[in-house]
Each structure stands twice: as structure tokens, then as C-alpha cells.
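Visitor: I am new to this structure and would like a close look at one part of it. Could you take a single residue as the starting point and then lead me on from there?

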Amino acid sequence: MRSFEEIFAISADRHGGAQAVEAKLQRPDPDVVNLAEDRWLSLMTRCVFQAGFSWKVIETKWPGFEAAFDQFDVAKNAFMDEEKLDALLRDSQIVRNGAKIQTVRDNAVFLMELRQEGGAAKVFTDWPTSDFVGLLEMLKKRGSRLGGNSGQMVMRFAGRDGFILSKDVTGRLIAEGVIDKPATSKTALRQVQAAFNSWQEQSGRSLMEISRVLALSCG
């Protein structure tokens, strides 16, 4: 496995130098600790609906989503009744996918459960970065359709430190011998986490920055 410095050099060679790479890096948002509960539900819903669908369409319709789901008020959505669900299935403001609409209620319930643990922002931001895959596993188990890239994207859009196992990041991980195919098993994800932890120890950078550098080394 190459050092982070070596991988950064590959990225710099591909993208016009170190300064050009630095300009492309995203860093964690310290304000994520204050992100309101309704915004977590909004982000979860956006990522669920974007999965396998045109992001542009979802972006265009998003004001309609906010209106249809009461600005993602967690209590209102957690107690959504069948009449409301039926109305949403006829609402042209949103993408009328029944299974995905149901996740809004399910994830609102999940967020209400997290209140007993200090609230979503506290749970998500206090989770050790060195065990980011553990956080992803929790989202997969307790949330609705928050496994795979959806959970990763929720954390990224929120500004919480973490990585995205995109095609390019996966390509670099395979090239470094960390994994031999896209990481889906717990064992493979632990191997990915160990590699990121090693690069983080070497560089002092966030998982976000490391993830982006890995992507730029391939794409």
C-alpha cells in the first residue's frame, strides 16, 4: 500500500499540481454538530430519492418535497397516517415512489429514537472517525434505505467527516491491495477503514480529504 504522500503526488500529477488538488478538497463542517433534526431527515430523504434516480430531477423538485413533507418536521412525519401516505402517492410535487416515500416516516421514527441517545447530531458527530464504517453499519441497521452509498452521502452532505466509496476511490483501494472488489462485506469495510486510518495517521488529514485525494488519483 502506497503512503498518502505518494498517492497525493499521483493526484497532483493528474490534476495540475498540489495547489490544484488542494483547491478541490472538501473539509468537515464544524457546524454539523448544530444541524437540526429536520435537516437530517431532509438529507436522508434526498439521498434515498437520489439513489438510482436523476439527481437533477430531485434537485428541481426539492422545494416540492419540502412542502409535501411539512418541511421535514420529524414528529409530523413519524406519525404520518395512511391517508397522508395515500395523498403523497398522488402528489405531483414529488417523485411518487411508494417504497421511498415510506422511508420518510421510518427515518423520522429513527431520528426520534436517537433523541434518547442525545439526538441525531450528537450521535452522528460523536461517533469515532476511526470507526466510520461502524456508523455506516448503524445507519444501515436502524435507518431505512440508508445502507451503501446513501448513508455515506448523508454524512458528506451534512459535513460530517467520512469517506465516499465511489468508483474512483474504490479503484485506488483495489490498486493499493486494500480490497479486491467493491467493499460490501463487513470484512472488506473494516479493511477499508484500516487503510484510511493509516493514511490519516500519516497525513493528519480528514477522511473527507483523503477520500477526495484517492478519487483524484484515478479520476
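Guide: In this predicted model, Arg105 sits in helix α7, which covers residues 98-114. Its relative accessible area is 16%, and because buried means under 20%, Arg105 counts as buried. Apart from neighbours within four places in sequence, Arg105 is in contact with Asn77, Ala78, Met80, Asp81, Glu82 and Leu85.

In soluble globular proteins, nonpolar side chains tend to be buried together. The largest nonpolar core here holds 68 residues, of which Trp40, Phe69, Phe124 and Leu173 touch the most other members; helix α3 (residues 37-50) supplies the largest share of this core, seven residues. If residues up to four places away in sequence are not counted, Phe124 touches, among others, Trp40, Met44, Phe110 and Leu114.

Charged pairs complete the tour, and the model has 17 salt bridges. One of them joins the side chains of Glu176 and Arg2, at 2.6 Å from N to O; Glu176 lies in the loop between α11 and α12 and Arg2 in the segment before α1, so the pair ties together parts that are 174 residues apart in sequence. Glu176 is buried at 8% relative accessibility, whereas Arg2, at 37%, is partly exposed. Glu176 also meets Arg172 in a salt bridge of 2.7 Å, N to O, and both of these residues are buried. Another salt bridge pairs Glu37 with Arg115, their closest N and O atoms being 2.8 Å apart, and it links helix α3 with the loop between α7 and α8, 78 residues apart.

How values were computed. Residues are numbered from 1 along each chain as its sequence is written. This is a predicted model: local features need pLDDT of at least 70, side-chain atom pairs count only at pLDDT 80 or more; totals for chains, interfaces and linings use all residues. Side-chain values use heavy atoms; hydrogens and water are left out. Helices (H or I, at least four residues) and strands (E, at least two) are DSSP runs, numbered from the N terminus. Buried means under 20% relative accessible area, exposed over 50%, partly exposed in between (1.4 Å probe, protein chains only). Contact means heavy atoms within 4.5 Å. A nonpolar core is a set of buried Ala, Val, Leu, Ile, Met, Phe, Trp, Tyr and Cys residues joined through side-chain atoms within 4.5 Å. A salt bridge is a side-chain nitrogen of Lys or Arg within 4 Å of a carboxyl oxygen of Asp or Glu.
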